[in-house]
Amino acid sequence: MSATSDNQVQARKISVFGREFKMPRSRGRRIAIGAVLIFGGILGFLPILGFWMVPIGLLVLSYEFALVRRHRRRFVVWWERRRRSK
């Protein structure tokens, strides 16, 4: 192994419905992608754009902001408890 391979940061991945998607390494790009998805989701009444974009945008932003991450984790815990109780 060389010194350059030790210093490389692995790309973050998002798992949605069992599929993994790589996210850009740049923090600014991840924030921009999340913001664009949320904005596009707000315009969900238009063709092609949809309300499905809002949760995906929040998922992308949850990797950057603690407040969004906290809400995502609470939702996951709630969802798992609900699923197991049935």
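**View 1. F75 and W78 sit about one helical turn apart, because they are three residues apart in helix α4.** Helix α4 covers residues 66–85; helices here are DSSP runs of H or I with at least four residues, strands are E runs with at least two, and both are numbered from the N terminus. This is a predicted model, so local features need pLDDT of at least 70 and side-chain atom pairs count only at pLDDT 80 or more, while totals for chains, interfaces and linings use all residues. Residues are numbered from 1 along each chain as its sequence is written, and side-chain values use heavy atoms, leaving out hydrogens and water.

**View 2. The rings of F75 and W78 make a tilted pair.** Their centres are 5.8 Å apart and their planes meet at 35° (rings of Phe, Tyr and Trp, the last by its six-membered ring, pair with centres within 6.5 Å; planes under 30 degrees apart are stacked, over 60 edge-to-face, the rest tilted). The structure holds three aromatic pairs, and F75, W78 and W79 form one aromatic cluster. Relative accessible area is 48% for F75 and 45% for W78, so both count as partly exposed (buried is under 20%, exposed over 50%, partly exposed in between, with a 1.4 Å probe and protein chains only).

**View 3. Turn to the inside for the largest nonpolar core, with seven residues.** Its members are I14, V16, M23, L37, M53, L59 and V60 (buried Ala, Val, Leu, Ile, Met, Phe, Trp, Tyr and Cys residues joined through side-chain atoms within 4.5 Å). Strand β1 (13–16) and helix α3 (53–61) each give two or more residues, and α3 gives the most, with three.
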